[in-house]
Amino acid sequence: MTGLVSFIGAGPGAADLLTLRAAQRIAEAHIVIWAASLVHEDVLQHVREGAEVVSSAGHSMEGITHLYERAAREHLRVARIHSGDPGLWGGTQEQHELCTRLGLQTEVIPGVSSFSAVAALVQRELTVPEVAQSVVLTRLEGGKTPMPPGETVRAFAAHGTTMALFLSAARTKQLQEELLAAGTYDEDTPCVVAYAATWPDELVFECRLGELASRVREQGLYRQTLVLVGPALSAGGTRSHLYHPGHFHEHRKVEDPAARAELRARRQAARTAAS
Ligand SMILES: C[S@@+](CC[C@H](N)C(=O)[O-])C[C@H]1O[C@@H](n2cnc3c(N)ncnc32)[C@H](O)[C@@H]1O
C-alpha cells in the first residue's frame, strides 16, 4: 500500500459539472490541493471532515512538494484539483513526474473543459457537418510561456475551422489581428467570448471577429476568459451523415433508398470539390 495522488478535473466551475468519480475521490482524500484562483470553492463541498485543504494558488510546485512527500511516507490519498480538464494547461505532467519519483501511485480523472462548457452555454456544435470538422485548442503566442515553433494562431487560423483560444484575453487586439492575418477568417466570422463560464458571475456574449478586441476591452476582461471562433458558430442547415436516413452501419439499415441515393450524390460532390 502506497499513497495515491488523483489529478482531478473539476470542470469549468459549477459544482454539478464535476464527474461522479471526481466527487468520490475528493471525498476519499486526506489532503485536498486546489487552485483557488481557477476552481470554484463549491467543489469543496465533497471534502470529508478532517481532511487538510490547501490552496495551491500562492505556491510554486516546490511549495506543495512537502504534501506529496508526506503522502508517500504516510500512505495518504491526495486529491489535486485542477480547473476544466487536467490534460489541458493543468501543469500536471511535472507533478506526475514528481509523484512517480516519490513512489506515489497516480491517476488522472478527466473533467469538463471550459471550451466544451462554453459551446454548451451557447448551444453550438463546434463540428458542424461540411463547415468545420476539427477544433484547434490553443493560446496566443508571445506571452510568458514560450510556444513551440510553428504553433502560431495565424498558422492555425489558416485552416478556417473552429478554434478555442485559452489564456489569451489580456491581448485580444493581437489575437484579433493574428486570427485575421491568415486571410481565411474575415471580420464577420462569428466569435463567442465567455468569462467565468458556469460561475455565478459568468458573462457570455457573441460578436464578430472584427469587433472582438473592442468588445472584450469594453467588458474589461483579461483573465478566466475563453474565445471560440469559426464559421461553425453561426452555421446551420447542413446534416450529419451519421443521422441521415440514407446512412447505414452495423446497427442500422438504410431507411429510405431515395435518401441513400441523395447521400451518395452529396458524398461524390464533396469528393470532387476536395480534389
Ligand atoms: C490554466 S488554463 C486551464 C484550462 C482548463 N484545464 C480547461 O480545460 O478548461 C486557464 C484558462 O482556461 C480558460 N478557462 C478555464 N475556466 C474557464 C471558465 N470557467 N470560463 C472561461 N474560461 C475558462 C481561460 O482561457 C483561462 O485563461
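Author: Let us begin with contact: two residues are in contact if their C-beta atoms, placed from the backbone, lie within 7 Å. Residues are numbered from 1 along each chain as its sequence is written. This is a predicted model, in which local features need pLDDT of at least 70 and side-chain atom pairs count only at pLDDT 80 or more, while totals for chains, interfaces and linings use all residues.

Reader: Leaving aside its neighbours within four places in sequence, which residues is Ala 51 in contact with?

Author: Ala 51 is in contact with Ala 29, His 30, Ile 31 and Val 32. Ala 51 itself is found in the loop between S2 and S3, where strands (E, at least two residues) and helices (H or I, at least four) are DSSP runs numbered from the N terminus. Its C-alpha atom is separated by 9.7 Å from that of Val 78, although the two residues are 27 apart along the chain.

Reader: Does one call Ala 51 buried or exposed?

Author: A residue is buried if 20 or more other C-beta atoms, placed from the backbone, lie within 10 Å of its own, exposed if 12 or fewer do, and partly exposed in between. Ala 51 has 20 C-beta neighbours inside 10 Å and therefore counts as buried. Of the 275 residues of the protein, 36% count as buried.

Reader: How should I read burial along a helix, and which residues of H2 are buried?

Author: An α-helix has 3.6 residues a turn, so residues three or four places apart point the same way. In H2, the buried residues are Leu 67, Tyr 68 and Ala 71. Seen down the axis of H2, these fall within an arc of 100°, so they line one face of the helix; the arc is that of the directions from the helix axis to the C-beta atoms. The face turned away from this buried side carries the exposed residues Glu 62, His 66, Arg 73 and Glu 74.

Reader: What do the buried residues of H2 pack against?

Author: They pack against strand S1 (4-9), strand S2 (31-34), strand S3 (52-55), strand S4 (77-82) and helix H3 (92-101). After H2 comes His 75, whose phi is positive, near 55°.

Reader: How many helices and strands are there in the protein?

Author: The protein has eight helices and 10 strands, and its C-alpha atoms fill a box of roughly 65 × 50 × 35 Å, taken along the principal axes.
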